[in-house]
Amino acid sequence: MWRRPALFSYWIPSYLWTASSNYIDLHVHHLHHKVKEGDTSKQVRPFITFVLGGPGSGKGTQCAKIAETFGFAHLSAGELLRKEISSGCENGEMILDIIKEGNIVPSEITINLIRREIELSENRKILVDGFPRTNENRIAFESIIGVEPDLVIFFDCPEEEMVKRLLSRNQGRIDDNIETIKKRLEVFDKLNLPVINYYSSKGKLQKVLSIYCSV
């Protein structure tokens, strides 16, 4: 089992780690008793955590660690879209063109990919990485899926650090070039920050200073 390194415990403030872990542990305890009483895992409402942050904020890498620590199914909206592109399906070319422009893929496409993965998973603890990215995404998710997230984690990172990380990671991704990066950051500031502010007003947001996060 992955053990949380000292750096990980350092950049997550103690109030966040304690609040989040206690909240998750309580829900897991509830799930255990629901199943014990006779409910199947498919009948138990999933515990959904949204993980938000700008491109290069470290959310993907840290989601993998959070998922392993708490036993979550990790669903990356970006990875699901890239798989859809590589699959050769009819939506793939359209998705590719949208991503190249640094724009947001239509909500219904991304949500249906996420819903499919939730339905296929036997895990009732779901970590959704990189979604919703707009208020329209958020509203559509709640309408189509029928639930709000239980917890929202926001990885807050300075823009210059995100640009440096994206240019240096050299993963061969189509959206890791300076022109697309600038567009993605502009879109993030304009569209994603209102989502973060909304969940903050609902008392569901936990903010992490991610300048120390590995990516």
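Modeller: Let us begin with the idea of a nonpolar core: a set of buried Ala, Val, Leu, Ile, Met, Phe, Trp, Tyr and Cys residues joined through side-chain atoms within 4.5 Å. Buried means under 20% relative accessible area, exposed over 50%, and partly exposed in between, with a 1.4 Å probe and protein chains only. The model is a predicted one, in which local features need pLDDT of at least 70 and side-chain atom pairs count only at pLDDT 80 or more, whereas totals for chains, interfaces and linings use all residues. Residues are numbered from 1 along each chain as its sequence is written, and side-chain values use heavy atoms, with hydrogens and water left out.

Colleague: Which residues have the most contacts inside the largest nonpolar core?

Modeller: They are Ile114 and Phe141, in a core of 30 residues. Helix 6 (residues 107–120) gives the most to this core, namely 5 residues; helices (H or I, at least four residues) and strands (E, at least two) are DSSP runs numbered from the N terminus. A separate second core has 12 residues, among them Ile66, Ala67, Leu151 and Val208.

Colleague: What does phenylalanine 141 touch?

Modeller: A contact means heavy atoms within 4.5 Å. Leaving aside residues up to four places away in sequence, Phe141 touches Ile48, Phe50, Ile111, Ile114, Phe131, Gly146 and Val147.

Colleague: Is threonine 49 buried or exposed?

Modeller: Threonine 49 is buried, its relative accessible area being 1%. This residue belongs to strand 1 (residues 47–53). With residues up to four places away in sequence again not counted, Thr49 touches Phe72, Ile126, Leu127, Val128, Leu151 and Ile153.

Colleague: Which residues of helix 4 and helix 6 meet?

Modeller: Ala77, Leu80, Leu81 and Glu84 of helix 4 meet Ile109, Thr110, Leu113, Ile114, Arg116 and Glu117 of helix 6. By class, this contact has 6 nonpolar, 1 polar and 3 charged residues. Ala, Val, Leu, Ile, Met, Phe, Trp, Tyr, Cys and Pro count as nonpolar, Asp, Glu, Lys and Arg as charged, and the others, Gly among them, as polar.

Colleague: How many salt bridges are there?

Modeller: A salt bridge is a side-chain nitrogen of Lys or Arg within 4 Å of a carboxyl oxygen of Asp or Glu, and by this rule the count is 9. One of them joins glutamate 79 and arginine 82 at 2.9 Å, N to O. Both residues lie in helix 4 (residues 77–86), 3 residues apart, about one turn of the helix.

Colleague: Where do glutamate 101 and lysine 183 lie?

Modeller: These two form a salt bridge, with the closest N and O atoms 3.5 Å apart. Glutamate 101 lies in the loop between helix 5 (92–100) and helix 6, and lysine 183 in helix 9 (residues 178–201), so the pair ties together parts that are 82 residues apart in sequence.

Colleague: Which residues do salt bridges with shared partners join into one network?

Modeller: Lysine 204 and glutamate 148 meet in a salt bridge of 2.9 Å, N to O. Lysine 204 is buried at 18% relative accessible area, while glutamate 148 is partly exposed at 27%. Salt bridges that share partners join Glu148, Lys202 and Lys204 into one network.
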